Amino acid sequence: MKNQTANLMIQALNLARQAGPETDPNPRVGCVLVAANGTVIGQGHTQQVGGPHAEVMALRDAAARGNSVVGATAWVTLEPCAHHGRTGPCCDALIAAGVSRVVAALGDPNPLVAGQGFERLRAAGIEVEVGPGAEEARELNIGFLSRMVRKTPWVRMKVAASLDGKTGLENGVSQWITSEAARTDGHAWRARASAMLTGVGTVLEDNPRLDVRLVQTPRQPHLVVVDSRLQTPPGANIFIEGRAVWIYAASRDDKKAEALEAKGATVTCLPNADGKVDLRAMLQDLAARGVNELHVESGHKLNGSMLREGCVDELLVYLAPKLIGTGLDIASHLHAGGPLTSLAGALPLEFKSVDMLGPDLRIVARVAGRDAF
């Protein structure tokens, strides 16, 4: 029975992974409906934002197969919603369908749900169990949970370097330190994110597209540019049809702002006391715009500022098996403050994963305790 329990939640989690990034700002949820004899009678995952949620898709699947769900158990990776948004409450759909039991990996911290889904299910006589698969479900929706609880996105910063810690040559050349496998994986992380963030320095120096090209994606993540003085050229490659570009400035220049807005950008002025963009306020504003995960690919100045101000939750580091010697140093990208007088002041990290990608090494390191929400 224990193995069956684990397998059913694993199946629901795999469905949730299929939901993909197009569900943003909604969470990625999977649901498996199981008859009393253990047979799977319906399954589904959350659809593109505005579409049906996982529970409704599973109920529709069961109906399409000609299966009754009366007395069934619903295995779901997040608490069924209890509010009217773009769709109706999923807890009501399960109640109306006649399920007898709901097993959920996690409660939903959304203030519009926050236990109300479970309460309504129990009030209708449905048995509720919470907990199986909780860790995996948290990781899958860590951005959504961060936005709901902390009111900021989950921020992941990507850096690529040689084994001796060089991000480029002294002349600035950095293409390509890592292999095609690592670059493709980097684009998969881009595709997962709600939005990407860079600085105006990167826009001016490299004129990048900063889009997803090396993997298939149903949509391009939005782009965020930190640009204190509105130096972004209206003709920059970042303006791609179909995605939002949000530019954060420290002061408003109406002429420059109007030119950028004519290209479809949204210009927001959020200055701090030093005349730079207030990065914490920017994150709060992005959360209000529905950004769950923010993927950072920027130069050393913005990277350092994000780290020093405590705005980074996780590092995505690719290391190539090369020794470059003299060159641009990774320390400039990951400068979190200092100089330190004691090692006790170092920023503590936790290795979440270490994997080989072709010849390269990928390290995911999380700021210690940052996911305690």
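R252 forms a salt bridge with E261, the closest N and O atoms being 3.4 Å apart; a salt bridge is taken here as a side-chain nitrogen of Lys or Arg within 4 Å of a carboxyl oxygen of Asp or Glu. The structure is a predicted model, in which local features need pLDDT of at least 70 and side-chain atom pairs count only at pLDDT 80 or more, whereas totals for chains, interfaces and linings use all residues. Residues are numbered from 1 along each chain as its sequence is written, and side-chain values use heavy atoms, with hydrogens and water left out.

R252 also meets D254 in a salt bridge, with an N to O distance of 3.0 Å. R252 has a relative accessible area of 43% and is therefore partly exposed, a class that lies between buried (under 20% relative accessible area) and exposed (over 50%), as computed with a 1.4 Å probe and protein chains only. D254 is partly exposed because its relative accessibility is 46%. E261 is assigned to the partly exposed class on the basis of a relative accessible area of 32%.

By the salt-bridge rule, the count comes to 22 salt bridges. A network of salt bridges links E139, R156, R192, E293, E314, R366 and D371. R366 is buried because its relative accessible area is 2%. D371 has a relative accessible area of 18%, so D371 is buried.

A positive surface patch is formed by R229, K256, K276 and K301. Patches are made of residues with over 30% relative accessible area and no salt bridge, like charges being joined within 9 Å and nonpolar side chains (Val, Leu, Ile, Met, Phe, Trp, Tyr) within 5 Å. Lys and Arg count as positive and Asp and Glu as negative, while His and the chain ends are not counted. The place of a charge is taken as NZ of Lys, CZ of Arg, CG of Asp or CD of Glu. Accessible areas come from the Shrake-Rupley method with a 1.4 Å probe, and for residues only the protein chains shown count as cover. K256, one of the patch residues, is located in helix α9, which spans residues 254–262; helices (H or I, at least four residues) and strands (E, at least two) are DSSP runs, numbered from the N terminus. At 37% relative accessibility, K256 is partly exposed.

V225 is placed in strand β9, residues 222–226. The relative accessibility of V225 is 0%, so V225 counts as buried. Leaving out residues up to four places away in sequence, V225 touches T198, G199, V200, V203, T232, I238, W246, I247 and Y248, where contact means heavy atoms within 4.5 Å.

S228 is found in the loop between β9 and β10, the latter covering residues 245–249. With a relative accessible area of 16%, S228 is buried. Its contacts, not counting residues up to four places away in sequence, are Y248, A249, A250, S251, G275, K276 and V277. Among them, K276 is a member of the positive surface patch.

F118 lies in helix α4, residues 116–123. F118 counts as buried because its relative accessibility is 7%. Apart from neighbours within four places in sequence, F118 is in contact with E79, P80, A104, L106, G107, V128 and V130. F118 and A372 are 254 residues apart along the chain, and their C-alpha atoms are separated by 23 Å.

Backbone geometry was examined as well. Most residues other than glycine have a negative phi, and most peptide bonds are trans. The peptide bond from D24 to P25 is cis, with omega near 5 degrees. P25 lies in the loop between α1 (2–19) and β1 (30–34).

K151, which is not a glycine, has a positive phi of about 65 degrees. The loop that holds K151 runs between α6 (142–149) and β6 (154–162). K151 is partly exposed because its relative accessibility is 44%. L210, also not a glycine, has a positive phi of about 50 degrees. L210 is located in the loop between α8 (200–206) and β9. With a relative accessible area of 7%, L210 is buried.
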